[in-house]
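Please open the structure in a viewer and keep the sequence at hand.

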Amino acid sequence: MREIIISDREEGQRMDKFLKKYMDQAPSGFFYKMMRKKNIVLNGKKAAGNEKLQNGDVLKLFLSDDTIDKFSGKIRIEPIQKRKTKLDVIYEDEHVLFVNKPVGLLSQKADSSDISLVEAITDYLLESGSLTQEDLRTFRPGVCNRLDRNTSGIVAAGKSIAGLQALSLGFRERTFGKYYRCMVKGEVFETKYIKGYLTKNKEKNQVTVTNDPLAEAELIETKYRPVKGKDGYTLLEVHLITGKPHQIRAHLASEGHPLIGDYKYGDKMTNDRFKKEYGLTSQLLHAYRLEFPQMKFPLESLSGRKFYAKAPELFERIERELMGRIEE
């Protein structure tokens, strides 16, 4: 017999989904059969499998260790390059973790050989002791907002099921304020709120923005204001209202203000100049601020708060040399 006590990290999951994670090699029908026979019980009572687990619930598996081991996959967590990927942690509590993602790191794996921020976060939590190998049987930390590989800034991750669910819902329903800074070609003198329609080309990993709602196009909304500008360049603050792939890059380019360093949607001649002068190989786009309204459990500690991520050193150097000490 094995007894499992549900922690606050795991609460909120359906019982059958929890069991499927705990014994991921077992056919789904196995669990329902065991529950009918009361070989798997919840808090000493027969269960149907659709119960939402709560902190402190007790699952008892009246199964042999051989059966449990047979249906349990092996957990393999490889440290990321022996901790060469050091996390820049902005905020952490028992449910969430905010980090400043560097340029060049994927938010999530694109294929099995990739190293991503998710693995870095898992590695960090294992090292800090707030996550154990046993925890990974039934819970995996995950990011709730994604940034392009070559975009830096704040990424929010869930350290518990409740944290993941609440953050994901907030991003999906646009509850949180997401603000970016970017350097663009051309001088911008006024705040603008713009709408458009975005169409994806999955084969090219590229999007197109139009003013007309074409078939399969998605509505996008972006607001931006100039922070400072000089000599044909502007530092913008962008409020990302909707959050579609490549939205800021493509939307601003469609307005005639492409991001510096963005070869996919930008101006090649300008990008070549900055590559030669500064060694710039990515777009100057940084997710620098995340704002929260009044929040309920498990995000109540975030209520009314703003979190900031420091821009990469190269971004700040280019801003300093282009704009000097112009006041914001």
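**First stop: arginine 174**

Select arginine 174 and display its surroundings: apart from neighbours within four places in sequence, arginine 174 is in contact with Glu221, Ile241 and Thr242, a contact being heavy atoms within 4.5 Å. This is a predicted model, in which local features need pLDDT of at least 70 and side-chain atom pairs count only at pLDDT 80 or more, while totals for chains, interfaces and linings use all residues. Residues are numbered from 1 along each chain as its sequence is written, and side-chain values use heavy atoms, with hydrogens and water left out.

Arginine 174 lies in the loop between helix H5 (161-172) and strand E9 (177-185); helices (H or I, at least four residues) and strands (E, at least two) are DSSP runs numbered from the N terminus. The side chains of arginine 174 and glutamate 221 are joined by a polar contact of 3.3 Å. A polar contact is a pair of N or O atoms within 3.5 Å; within protein, one must be able to donate a hydrogen and the other to accept it, and residues adjacent in sequence count only if both atoms are side-chain atoms.

Is arginine 174 buried, partly exposed or exposed? Its relative accessible area is 46%, so arginine 174 is partly exposed; buried means under 20%, exposed over 50%, and partly exposed in between (1.4 Å probe, protein chains only). Phi of arginine 174 is near 60°, a positive value in a residue other than glycine.

**Second stop: aspartate 231**

Select aspartate 231, in the loop between strand E12 (218-230) and strand E13 (233-240). Aspartate 231 is not a glycine, yet has a positive phi of about 50°. Its relative accessibility is 60%, so aspartate 231 counts as exposed.

Move to glutamate 291 in strand E14 (residues 285-291). With 18% relative accessibility, glutamate 291 counts as buried. A polar contact of 2.7 Å links its side chain to that of arginine 289. Beyond neighbours within four places in sequence, glutamate 291 is in contact with Phe176, Gly177, Tyr179, Arg305 and Lys306.

Then select proline 298, in the loop between E14 and strand E15 (306-308). Phenylalanine 297 and proline 298 are joined by a cis peptide bond, with omega about 5°.

Select aspartate 88, in the loop between helix H3 (65-70) and strand E5 (89-92). Which residues is aspartate 88 in contact with, leaving aside its neighbours within four places in sequence? They are Phe98, Val99 and Asn100. Aspartate 88 and phenylalanine 98 are 10 residues apart in sequence, and 8.7 Å separates their C-alpha atoms. Aspartate 88 counts as partly exposed, at 38% relative accessibility.

**Last stop: the whole protein**

Of its 328 residues, 48% count as buried. The average pLDDT, the predictor's confidence in each residue from 0 to 100, is 91, and 94% of the residues score at least 70. Over residues 79-83, the pLDDT is below 50; this stretch has 12 contacts in the model beyond near neighbours in sequence.
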